[in-house]
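Please keep the sequence and the model in view while reading.

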Amino acid sequence: MKGKRIVEHHIMPIVSILLVLCCAQGVSAGNKQIMSIMAAKAVAERAIVESVYGLKLRSTEQVDDMVATSYVGKTDSKTSALISGVTFENVVYDAEKDIAQATAVVSVGELTNIDGVTVDFNNKEFKRVGFGTSTKSNAGPLKALRAAELDAYKQLIKSVIGFQLESNTSVENFILQSDQVKVKVLATLYTADVTDYGWTDGGDAYVKMQLDLKEFSELIGDTVTNVENEIYEVEGMGAQEDDFQTNIQQ
Amino acid sequence: MVEKNIGTLDRINKEAVKQLPDIPKNGRIELEAEGTQYDDIIQIKVKRYRIAPSKERSIELDEPTGDSVDKERQDEG
């Protein structure tokens, strides 16, 4: 009996350890999940910084002879700030697609924004969602979503701040023919908020973004006169692939 | 998506050109403008522009064309 107890005492912990190891091995997926979640959190944090601190956006659209293959649309954004107190909620991971989602949340008091303007948000809560993946081949929808986000920022700037136009036009028998049209946008934007996002059946992404014009006018110290509504909403679109570039390569 | 953006660029440009007081029947227009676009409403203000009208030449039937001159020269040779 004593011998049996000794065996049980020694064997049971070993069996337990083995069971834990076996189970852990079954669940483990390397560091993919961690990396994807970290990427999602970083994207969500960037979105928070863009909303709260602001971003600088530079965009150029150009077309020659109104031919789609000549169209060039390029948008760059830049932001850099350290915002403390960001927490994450709704962290979800899709193991099949290796895509993670995270929502960054922060309450903001007084802050000096990208234009050097000190703003008191009175502990207003900002929430932004971010997606991330560590698998390059699965990044298409996420890139499209970022493109849609930048498109929405650009539309807001074109509406409330403005754009510059440079063009060459030919006239034949009083009929206008746009030969070269270039529209440029360069501005900073803050307090924009995402209200909805998603993907169409075709895989294009959309982002609905709104700006509280009353709040924005107070921040920039100028009234936005060209927009009637107090809350202005736009819908940005982004594609996963450049069809025209693909056609040229084929 | 691209077609929609191209359509918008065309519309913005034509709105700007229409503001010019002296559009020629034929010619070229270079311009720079500033504006805003709120939904479908485009507000634009032209800052600089240059118009180069096309020179219209009348056809003189008595004047020999380049082809006939060349032919004459070939005949002489």
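Which residue is the bridge partner of T169(A) in β1(B)? In this predicted model, the bridge partner of T169(A) is I29(B), and the two strands involved, β6(A) and β1(B), the latter covering residues 27-38 of chain B, pair in the antiparallel sense over nine bridges. The points below take up the interface and then two residues inside chain A.

**Extent of the interface**

- On the side of chain A, 38 residues are in contact with 31 residues of chain B, and the two chains bury about 3,100 Å² between them, with 59% of that area on carbon and sulfur atoms.
- Of the area that chain A buries against chain B, 20% is supplied by F163(A), L165(A) and L176(A), which is more than any other three residues supply.

**Polar links and make-up of the interface**

- The rule finds one salt bridge across the interface of chain A and chain B, and R28(B) forms a salt bridge with D179(A), in which the closest N and O atoms are 3.0 Å apart.
- Across the interface there are also 17 residue pairs in polar contact, counted where both residues have pLDDT 80 or more.
- At least two residues each of the side of chain A that touches chain B come from β1 (55-64), α3 (140-160), β6 (163-172), β7 (175-189) and β10 (231-238) of chain A, and β6(A) gives the largest share, with 10 residues.
- Sorted by class, this side of chain A has 18 nonpolar, 13 polar and seven charged residues.

**G130(A) in strand β5**

- G130(A) is placed in strand β5 of chain A, which covers residues 118-133, and it counts as buried because its relative accessible area is 0%, below the 20% cut-off.
- Beyond its neighbours within four places in sequence, G130(A) is in contact with A40(A), V43(A), A44(A), A100(A), Q101(A) and A102(A).
- The C-alpha atoms of G130(A) and I48(A) are separated by 9.6 Å, although these residues are 82 residues apart along the chain.

**S36(A) in helix α2**

- S36(A) lies in helix α2 of chain A, residues 32-52, and it is buried because its relative accessibility is 0%, which falls under 20%.
- The side chain of S36(A) is joined to that of D98(A) by a polar contact of 2.7 Å.
- With neighbours within four places in sequence left aside, the contacts of S36(A) are Y93(A), D98(A), A100(A), G132(A), T133(A) and S134(A).

Notes: Residues are numbered from 1 along each chain as its sequence is written. Chains are lettered from A and ligands numbered from 1 in the order in which they are written. This is a predicted model: local features need pLDDT of at least 70, side-chain atom pairs count only at pLDDT 80 or more; totals for chains, interfaces and linings use all residues. Side-chain values use heavy atoms; hydrogens and water are left out. Helices (H or I, at least four residues) and strands (E, at least two) are DSSP runs, numbered from the N terminus. Buried means under 20% relative accessible area, exposed over 50%, partly exposed in between (1.4 Å probe, protein chains only). Contact means heavy atoms within 4.5 Å. A polar contact is a pair of N or O atoms within 3.5 Å; within protein, one must be able to donate a hydrogen and the other to accept it, and residues adjacent in sequence count only if both atoms are side-chain atoms. Buried area is the accessible area (1.4 Å probe) that two parts lose on being put together, summed over both. A salt bridge is a side-chain nitrogen of Lys or Arg within 4 Å of a carboxyl oxygen of Asp or Glu. Ala, Val, Leu, Ile, Met, Phe, Trp, Tyr, Cys and Pro count as nonpolar, Asp, Glu, Lys and Arg as charged, and the others, Gly among them, as polar. Two strands pair if DSSP finds at least two bridges between them.
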